[in-house]
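The sequence and the structure are shown below.

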Amino acid sequence: MIIPKVFKDMIDNNQEISGVLYSTISKFEQIIKDSKFEFFDEYSNHGVEHIENVLCTAEWLISDETYALLNSKDILILVLSVLLHDLGMHLTHEGFLELISGSHKDRKIHGIDEKQWLKEWEDFLKETKQWDDKKIIKVFGEKINITTPSKNREHLTGYDKKLIGEFIRRMHPRIAHEIAIYGFPTFDGETIPFAEGLSEQLRDLSGLVARSHGMDLRNTFEYLEKRFTRHSWKTPHEIKVIFLMVVLRISDFLHITPDRVTPTYLEIRKYSSPLSRIERDTHKSVEYIHNNSDDPELMYVHGNPPTSELFLKLKKLLRDIQHELDLSWAVLGEVYGSHKNLKNMMIRLRRVQSNIDDVENFKQQVSYLPEKVLFDTNPDLIKLLVAPLYGNNPTYGVRELLQNAIDACREREQYHKNNNEFEEYTPEITISIEGSSQNGYYFVISDNGLGMAEETILNYFFKAGASFRKSETWSKQFINNNGTSKVQRSGRFGVGVLASFLLGEEITVSTRFVNDITGWKFKAKIDDQQIEVLKDEREVGTTIKIALTTDTLNLFKRDVEFYEYCFTPSETYWYTWHRLPHPKIKLCLPNTWKGANEVNEIIENFDDVKGHQIYPDGYQVVSWDYEAERRELLCNGILIPDWERIGGYEFPTFPIKPRVVVSDFDGRLPMSLNRDKLDGRLPFSDELAIDVCRDLLAKLFLQPDIKVDMLISKDQTIFRHPSLKISEKNSYITRWGENELLLHKNGYVLPHSYFLQKLSIREITKVWLKKNAEICIDDFLSSNRFVSFSRDEVMSASDLKALMYPSEIQLDKRFQINSKRFLMKKEHKDFLFAEVDRRMRKDFKQKVTTISETRDWVDLSVDSELRSFIDIQKIENYTSEIDFVLQVEIGEEIPKQKYERNIKDIFSKLLEEYFEDESLIPYNLDERKKLFPKVFKELDKYMWKYLNVMNS
């Protein structure tokens, strides 16, 4: 081992200590050379060459003025500490076992160590059980289950050695201290003595100086005071111990040139541990070091790190060196500043500079982004929040990515408008499944939208919950002066990129901002500690590629191949989130997937709403129709799968949802966190319901002409509109179907309390017809009487009882039934009222009186003298067409129950608005137009589609 000349000359002046030093070097140089570096074969060089470099650096670091203040013992302790400082890294397996379970297990240096070796090892093993995946990969190079290493060398795995190595790496400064005092542990309690012939206190000092390179310098003060008294601890045995500590730690730091890594053996190895690989490559990133500038206290380091990971590592290393220099100068001032002579003791360096300090300038010289880039979130967030939020369903990952792509295209359109750029721009979004069974499959989504700039990537893409659309940059481009958005935007919470990991574990992103010359590309996993963002030559837009897991691939394939069995309008499939024709989504699926062409046809047939628009406050427009089969709610074109029907109204009751498309530029529509359902009712539910009611009235006035004196089918007596509910059979209440018109000799009306009051209707009749019945309405009508025809068939005795028992009638409101009469077939009456069987309630039977009968029919009255206005003889002629006839006298309105008090009446106001002085709607269309000009004028925009149907 070569000792620098200045050191050697000073030591050789003292034969007593020179003999100790050279014999120690001779002994331990051989140990180091013979060392197999059992637990650190991937780390940078800690051999003889490193020791020689540290010694040379130390010789240069000490200023000329300071040498005059040092003695031979100072140099002895410094050289011994350099020899010691990494000696623990050369422990063999046997030496390690001596520490944790042999003669050393209960050992600790009092005044500085808190735990004995056995306790240190046990606590370390407990700690490893708490390591997250990130830490495990950092130590072992991959995810593993950590187990306690065997004490039998033959059974040690590579992972066991890495685990022991991590423990020794942490503890090697302490091991160095103990080697100085107790010797180098071998086996069976044997040790190789260190610095034989030197006093225990001097060995302790050399060990403490070696140990100090792994601890805060100030933490050594207390130990020195206890060991050497308060008055002499700064210079025990005239040794400037704190200064020596400074020289060692700075010299060890400064050995960062490429020769720190052995160029042959290590270069051909595969570095499975990221710690080892990064340490090696960091040293190799330094091209040269000099201090030839005008500032003699400046060290200049020229680096050329090939990756951002190494850039950050080198930058941190230089920052740490500067910190150590600052700390060292501060400590030297604290310890020796008041000493008459020693206050001039100093090292040559104060400052470190590098070509990589100017990041903006350095950025122009490299192909990567020299920044810290990683997902600013705990990787467990996917397991704990994102996956449960979306039911671990990768379909939602597709939605998040698609929303971002659509938003980007809309933003680019607006960007060109903002900048008065009138070039033709057509949004293009492509979703594809690429790959093969041999090489794996990938989900790829590509758009020609706005793209991402460097700021967007760094500050928003990688930060969970940080939405770029809430940034000041975005606001300047896309927010109006009144605070509203200029563009539709679907993404809200900034979790899109996290949701993409529901599809697979790794994403590849390529993007270029519309105003940039160069784009960026990168691959990333959620737990990557540094993501390499590289410059990329590409067109404006963004492409995201995700390696699909087997489960996700199978799900996506199943949804395509079995589309004809499982596709329904309200279901959400990964390819049907966006359900409007603009922007156009192109889907590219493997040719081997059955159903690929059919699925593409489904997507191509998504159309715009052909119905009507309302303009609620806070929303640009809300469109709705009943034209399509899909009863869906879309917000900015994206499906919201779960939403309540329009409810809470007396009439109509809206049993069927319309298709509703909301244009929501400002993200006002209240949705659940995962945006798969509304958070409560539609905020504009009343406005929408009223608009549907106007459409209902428009159609009502366009009913085909009815000729009451001619045979018609029962369907012609029914008014069809999706907002109307059909009748129900119920033992407690007679429900009039909302679609069952009340027919009069002179016209028709809806079964609504408004008409009961305005036309003074007290009695109404309902006729249950058979399936294909044809009747002449005139046979059932008389002056000032109303009748309706039900589409329901009476199929059983229980059906009949459900029609006879109720004491209430339900229109839009509930009313008491004062009295009622039935016309029913004799065979049914005989069956139900037979004495031998109790098919009817006894109390009900006692109220029933037979008024008259024919061959097939019987006229029954229930506890009343209500006069029938339907001729039973005429009914006889319709025996094959009719099942049952009910006539009721309507009594008082029944007060609402508590649960009914929030039900709104929106329809009566519309009826008052449009019926005014008239009440009955004539059967003839031309007469309707004469009597109701306001209806045909104001509801014209609703009538056009019905007129088109009539004309066709």
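## Basis of the description

A residue is called buried when its relative accessible area is under 20%, exposed when it is over 50%, and partly exposed in between. The model is predicted.

## Nonpolar cores

The largest nonpolar core holds 112 residues, and Phe7, Ile242 and Phe243 touch the most other members. Helix H14 (residues 308-336) supplies the largest share of this core, 12 residues. Beyond its neighbours within four places in sequence, Phe243 is in contact with Ile62, Thr66, Leu70, Leu332, Tyr336, Met345, Met346 and Ile347. A second, separate core has 109 residues, among them Trp736, Leu781, Ile872 and Phe915.

In helix H26 (residues 797-804), the buried residues are Asp799, Leu800, Ala802, Leu803 and Met804. The elements that cover them include strand E19 (734-735), strand E22 (763-769), strand E26 (814-825), helix H27 (826-832), helix H28 (842-847) and strand E29 (882-893).

## Aromatic pairs around helix H9

The structure has 44 aromatic pairs. One of them joins Phe124 and Phe167, with 5.3 Å from centre to centre and 55° between the planes, a tilted arrangement. Because Phe124 lies in helix H7 (residues 117-128) and Phe167 in helix H9, this pair ties together parts that are 43 residues apart in sequence. Phe124 has a relative accessible area of 3% and is therefore buried; Phe167, at 2%, is buried as well.

Phe140 and Tyr159 form an edge-to-face pair, because their ring centres are 6.1 Å apart and their planes stand at 75°. Phe140 belongs to helix H8 (residues 133-140) and Tyr159 to helix H9, so the pair ties together parts 19 residues apart in sequence. Phe140 is buried at 2% relative accessible area, whereas Tyr159 is partly exposed at 33%. Ring pairs also link Phe39, Phe96, Trp117, Trp121, Phe124, Trp131 and Phe167 into a cluster.

## Salt bridges

The structure contains 60 salt bridges. Glu166 and Arg170 form one of these through their side chains, at 3.4 Å from N to O. The two residues are four positions apart in helix H9 (residues 158-182), so about one helical turn separates them. Glu166 is buried, with 2% relative accessible area, while Arg170 is partly exposed, with 32%. A further salt bridge joins Arg681 and Asp686 at 3.7 Å from N to O. Here Arg681 is partly exposed at 42% relative accessibility, and Asp686 is partly exposed at 26%.

Lys766 and Glu740 form a salt bridge in which the closest N and O atoms are 2.7 Å apart. This pair links distant parts of the chain, 26 residues apart: Lys766 is in strand E22, and Glu740 is in the loop between E19 and strand E20 (742-744). Lys766 is buried, with a relative accessible area of 1%, and Glu740 is buried at 2%. Elsewhere, salt bridges with shared partners join Asp113, Glu120, Arg174, Glu178 and Arg211 into one network.

## Charges over rings

Lys766 also takes part in a contact with an aromatic ring: its charged end sits over the ring of Trp736, 4.9 Å from the ring centre.

Definitions and conventions:
Residues are numbered from 1 along each chain as its sequence is written. This is a predicted model: local features need pLDDT of at least 70, side-chain atom pairs count only at pLDDT 80 or more; totals for chains, interfaces and linings use all residues. Side-chain values use heavy atoms; hydrogens and water are left out. A nonpolar core is a set of buried Ala, Val, Leu, Ile, Met, Phe, Trp, Tyr and Cys residues joined through side-chain atoms within 4.5 Å. Buried means under 20% relative accessible area, exposed over 50%, partly exposed in between (1.4 Å probe, protein chains only). Contact means heavy atoms within 4.5 Å. A salt bridge is a side-chain nitrogen of Lys or Arg within 4 Å of a carboxyl oxygen of Asp or Glu. Rings of Phe, Tyr and Trp (its six-membered ring) pair if their centres lie within 6.5 Å; planes under 30 degrees apart count as stacked, over 60 as edge-to-face and the rest as tilted. A charge sits over a ring if NZ of Lys or CZ of Arg is within 6 Å of the ring centre and within 35 degrees of the ring normal.
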